[in-house]
Amino acid sequence: MMKLLVSALEPSANLHLNSILPHLNREIVGIFDERFGKPIYDTSEFSVMGFLDVIPKIFKAKDAIKEMTNLAKECDSVLLIDAPSFNIPLAKSIKKRYPDKKITYYILPKVWAWKKNRVKKVEKYCDNLASIIPFEDKFYNRSTYVGNPILDEIKKFKEASKKYNSVAFMPGSRVSEVKRLMPIFREVAKEIDKRKVIIIPPFLKDKDISQLYGDIRDFDISYMVQETLCHSDFAFICSGTATLEAAVIGTPFVLVYKARSIDYKIAKRFVKLPYVGLANLIFYFNNGKEFHEELLQDEVTKTNLLKAYQNYDSRYFLNNSAKLRDILKNGSAKNILNLI
């Protein structure tokens with residue numbers, strides 16, 4: 001049976017991989033979630049957020065790249081998903097040893113935000129550049145837009161401004177994200193007279209939730225991201241893929257982002273885009289309009305979050321959501337399979 005070498009280090013990468021596997025008639029080896037087989041490393045070993053968090057992982061990453069390169073010998077092709085700090089050096093290592101090995105990069109490095117020099121590296125070491133963001137062809141010379149995986153994964157969209165008497169909170173999954181946002185989310189929750197639901201990523205289901213999220217007695221817990229968003233009147237969401245999910249579903253939300261000062265200052269110095277959220281960026285490159293509100297760093301206060309909640313327009317979000325789905329066109333699973 002043919003083998004595919006897979007590098008899926010992050011939860012979001014494994015979520016997208018999950019949409020591909022049912023149609024993939026190949027054995028997979030490499031780094032991925034344990035529910036898909038037996039990886040050579042647990043993906044949690046590579047979870048980091050922030051520049052200083054990366055340092056302890058460097059030596060482990062070098063060892064993993066050596067092992068993955070050795071594994072490539074017995075594989076017919078290679079699939080890299082996101083994680084450019086790891087996957088670009090891996091692509092280079094594999095191409096150097098096996099020049100004819102076909103490498104597909106799925107979910108390309110976000111060079112439109114920073115590190116534009118990655119374009120040359122990705123195009124040099126990878127055969128297929130599978131883009132999931134419509135405007136990436138403005139930055140890559142030979143990327144192929146394959147659609148967006150979220151349209152494969154989401155089956156229900158809001159069609160009307162129905163009230164559910166429920167508000168969702170998504171503080172993220174990384175320790176640093178959660179610890180900065182949960183104290184503020186707890187304050188906000190006390191001021192909202194509706195059911196409060198904290199959405200926790202499914203991969204944390206067997207973990208000690210209280211240790212990571214602290215006191216959540218005022219919240220109901222849900223592990224079903226899309227279903228909960230669909231049945232929420234509003235959501236407070238940590239910057240990340242979940243904001244695009246909410247935008248596609250049509251759930252009004254505010255993006256919140258609060259990082260260490262040093263991380264934010266470094267990012268601010270290099271990133272020159274007007275927005276953080278993907279839905280906002282897609283709209284920006286398409287027609288210049290803003291999809292949703294963003295609160296960053298010192299703006300992330302109880303007062304500002306409550307103001308965003310009190311002033312949202314559900315009809316505006318529904319209209320924008322329909323426009324966003326038109327821009328994204330279709331899911332990516334079928335097209336990425338064809339490329340592989």
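**Entry: the starting point**

I am working with a predicted model, not an experimental one.

**Entry: aromatic rings**

I began with the rings, and the structure holds 19 aromatic pairs. I picked out Phe-185 and Phe-236, whose ring centres are 6.2 Å apart. Their planes meet at 50°, so I put this pair down as tilted. Stacked would need planes under 30 degrees apart, and edge-to-face would need over 60. Phe-185 sits in helix H6 (residues 175–190), while Phe-236 is in strand E10 (residues 234–238). The pair therefore ties together parts that are 51 residues apart in sequence. I checked burial too: Phe-185 is buried, and Phe-236 is buried as well.

Phe-236 turned up again with Tyr-309, with ring centres 6.4 Å apart. Here the planes are at 45°, so I noted another tilted pair. This one links distant parts of the chain, since Tyr-309 is in helix H12 (residues 302–310) and Phe-236 in strand E10, 73 residues apart. Tyr-309 is buried, as is Phe-236.

Which residues do ring pairs link into a cluster? I listed Phe-169, Phe-185, Phe-219, Phe-234, Phe-236, Tyr-309 and Tyr-312.

**Entry: H9 against H13**

Next I looked at how two helices pack. Helix H9 (residues 241–249) meets helix H13 (residues 314–328) at an angle of about 110°, and their axes are 7 Å apart. Angles of 65 to 115 count as roughly perpendicular, so that is how I describe H9 and H13. From H9, the contact uses Leu-244, Ala-247, Val-248 and Ile-249. From H13, it uses Ser-321, Leu-324, Arg-325 and Leu-328. I sorted the residues of this contact by type and got six nonpolar, one polar and one charged.

**Entry: one more residue of H13**

I stayed in H13 for Asn-320, which is placed in that helix. Is Asn-320 buried or exposed? Its relative accessible area is 5%, so I call Asn-320 buried. Leaving aside neighbours within four places in sequence, I found Asn-320 in contact with Phe-283, Glu-290 and Phe-291.

In helix H1 (residues 11–20), I marked Ala-13, Asn-14, His-16, Leu-17, Ser-19 and Ile-20 as buried. What do the buried residues of H1 pack against? I wrote down strand E1 (3–7), E3, E4, helix H5 (150–153) and H14.

**Entry: Arg-97**

Arg-97 is in helix H3. With a relative accessible area of 44%, Arg-97 is partly exposed. Setting aside neighbours within four places in sequence, I saw contacts from Arg-97 to Thr-69 and Asn-70. I also took the C-alpha to C-alpha distance from Arg-97 to Val-178: 41 Å in space, for 81 residues apart in sequence.

**Entry: positive phi**

I went looking for positive phi in residues other than glycine. Asp-82 has a phi near 55°. Asp-82 is in the loop between strand E3 (77–81) and H3. Its relative accessibility is 11%, and buried means under 20%, so Asp-82 counts as buried.

Lys-329 is not a glycine either, and its phi is positive at about 75°. I found Lys-329 in the loop between H13 and helix H14 (333–339). Lys-329 has 63% relative accessibility, so I noted it as exposed.

**Entry: cysteines**

How many disulfides are there? I counted zero, going by cysteine sulfur atoms within 2.5 Å of each other. Cys-230 is buried at 5% relative accessible area, and Cys-238 is buried at 7%.

How values were computed
Residues are numbered from 1 along each chain as its sequence is written. This is a predicted model: local features need pLDDT of at least 70, side-chain atom pairs count only at pLDDT 80 or more; totals for chains, interfaces and linings use all residues. Side-chain values use heavy atoms; hydrogens and water are left out. Axes are lines fitted to C-alpha atoms, for helices over the stretch in contact, and angles run from 0 to 180 degrees between N-to-C directions. Helices (H or I, at least four residues) and strands (E, at least two) are DSSP runs, numbered from the N terminus. Angles under 35 degrees count as roughly parallel, over 145 as roughly antiparallel, 65 to 115 as roughly perpendicular and the rest as oblique. Contact means heavy atoms within 4.5 Å. Ala, Val, Leu, Ile, Met, Phe, Trp, Tyr, Cys and Pro count as nonpolar, Asp, Glu, Lys and Arg as charged, and the others, Gly among them, as polar. Buried means under 20% relative accessible area, exposed over 50%, partly exposed in between (1.4 Å probe, protein chains only). Rings of Phe, Tyr and Trp (its six-membered ring) pair if their centres lie within 6.5 Å; planes under 30 degrees apart count as stacked, over 60 as edge-to-face and the rest as tilted.
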